[in-house]
Amino acid sequence: MLRTVIYVLWLAAFVVECVIARQLLIRRLFKEYPLFLAYVIEHIVSFICLFFCFHFGSRVAYRHLYMGWEAVDVVLKLGIIAELFAHVFASYKAIHHLGTTIVRIASVILVLCATVVALLSNIADPNNFLSKFFAMERSVEIVQGGLLFLLFALCYVLALEWKQPSLGIAFGLCIITSVNLAMFTLRAEFGSSSNQIFSLVSNVGYDLGAVTWLLTLYPQRDKGHSVAGTMPELDVSSWNRTLLELLRK
Amino acid sequence: MMILIVVLAAFALLSLAFWTVLRNSSTVLAVADSKSVTEPLVDIAAFRNLVDPAEEEFLRNNLTPQLFRTIQRERMLAAVEYVQCAAGQARMLVQLVESTRDEQTGELPHISEELVTAAIRLRALSILVLFALYLRVAFPGVRISFVQVPAMYENVMGLGKLANLKRPVSRALTAAG
């Protein structure tokens, strides 16, 4: 039963990714988010290859192929985060170089943090390939999660405006990263005894992230203009009064 | 222990992202009027007095240590409110400029750019100063200078007023009277 659910989630992610790629191409967003498109296409291709290998290939071939795709996946995910930093800071000429600098410095610090976590943690079964693999994945997720946290925190501290679809892409990535971070940590610590449950939760997390991206990529009405346009004049002054009172508190 | 820290960090990341998405969808009305946002709401003279090192030295010399700590804590808490107000106003100014970017002509884009830069700097400084102020609430004896905040706030408000003057009279401004 559990295996069937995981299968369905795996297939659902593939379908959603195909629609995301289509939306990116139709809305010509690949010019602004080339690495995000590359990531989605990489996932579509990897699904086909891994699915084929899982059913018709050997276990060893599947493992090697999976490792290879994971390496590409890590690079592309870090690229997307750098792309998001660039987009958020791009509107602010005075600080737009700050984004790149922060990504570089933070990456070094986070790699150190991930190394410390790896050194301080116990791996449930040091001889098991999967345990080592999950411990490595956890370190990667720490770097990615830390960079995303930094991006959201900087936007709050510096009052930087998020624009769609950057916010949606970042939110989707946050869902995937945080679920993976928790799952890889638990898997690395507890070994392969509850692999299927962890795999199920990871798949649910990925599907949620992918659905978030899909929803973000569908054009939405500009709420800001529509609200301002329909707001009665008296409401504007009452809003101003409330705003002043709030600021004075 | 390590598992708990990493899992909590994952939860914190997800919560921050979720909160940002919620906040982003509810700040639409915050930019209805620029006039009230560019009006200085912080009493600069009072704030300068609160963080004046000479004033602090005077209180330190004339009050008992216990009374000084109590009064200093109260003064720092009052300063926290001023800084929070300045940081809030800086946020609104950034949002205001962002929302009116498409309708800017003439000198306005240049002034707006300066305004956004100054507001972002003020906000970043405000957050640091807030940390320092809370540190001083906890340890009233610690000496930290905050002289940059009032000057930066005045600069931002000046730019805000200038941007407001150069801005074409919009429906929202007229309605606000």
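Me: What should I know before I start?
Reply: This is a predicted model, in which local features need pLDDT of at least 70 and side-chain atom pairs count only at pLDDT 80 or more, whereas totals for chains, interfaces and linings use all residues. Residues are numbered from 1 along each chain as its sequence is written, chains are lettered from A and ligands numbered from 1 in the order in which they are written, and side-chain values use heavy atoms, with hydrogens and water left out.

Me: How many helices and strands does chain A have?
Reply: Chain A has nine helices and zero strands. Helices are DSSP runs of H or I with at least four residues, strands are runs of E with at least two, and both are numbered from the N terminus. The order of elements from the N terminus is α-α-α-α-α-α-α-α-α.

Me: And chain B, how many there?
Reply: Chain B contains eight helices and zero strands. Along its sequence the pattern reads α-α-α-α-α-α-α-α.

Me: What share of each chain is buried?
Reply: In chain A, 48% of the 249 residues count as buried. In chain B, buried residues make up 46% of 177. Buried means under 20% relative accessible area, exposed means over 50%, and partly exposed lies in between, with a 1.4 Å probe and protein chains only.

Me: What about contacts between residues at least 24 apart in chain A?
Reply: Among contacts in chain A between residues at least 6 apart in sequence, 76% join residues at least 24 apart. Contact means heavy atoms within 4.5 Å. For chain B, residues 24 or more positions apart account for 82% of the contacts with a separation of 6 or more.

Me: Let us turn to helix 6 of chain A. Why is it described as largely enclosed?
Reply: Helix 6 of chain A is largely enclosed by the rest of the structure because 24 of its 25 residues are buried. From first C-alpha to last, this helix reaches 36 Å, close to the 36 Å expected at 1.5 Å a residue. The expected span is 1.5 Å times one less than the number of residues.

Me: How does helix 6 cross helix 3?
Reply: The axes of helix 3 (residues 59-90) and helix 6 (residues 166-190) of chain A come within 11 Å and cross at roughly 145°. Axes are lines fitted to C-alpha atoms, for helices over the stretch in contact, and angles run from 0 to 180 degrees between N-to-C directions.

Me: Which residues make that contact?
Reply: Helix 3 of chain A contributes Lys77(A), Ile80(A), Ile81(A), Leu84(A) and His87(A), while helix 6 of chain A contributes Ser166(A), Ile169(A), Ala170(A), Leu173(A), Ile176(A) and Asn180(A).

Me: Where is Gly172(A), and is it buried or exposed?
Reply: Gly172(A) lies in helix 6 of chain A and is buried, with a relative accessible area of 0%. Leaving aside neighbours within four places in sequence, Gly172(A) is in contact with Gly209(A), Thr212(A) and Trp213(A). Its C-alpha atom is separated by 9.3 Å from that of Thr216(A), 44 residues apart along the chain.

Me: What does helix 2 of chain A pack against?
Reply: Its buried residues, including Phe36(A), Tyr39(A) and Cys53(A), pack against helix 1 (2-26), helix 3, helix 6 and helix 7 (195-217) of chain A.
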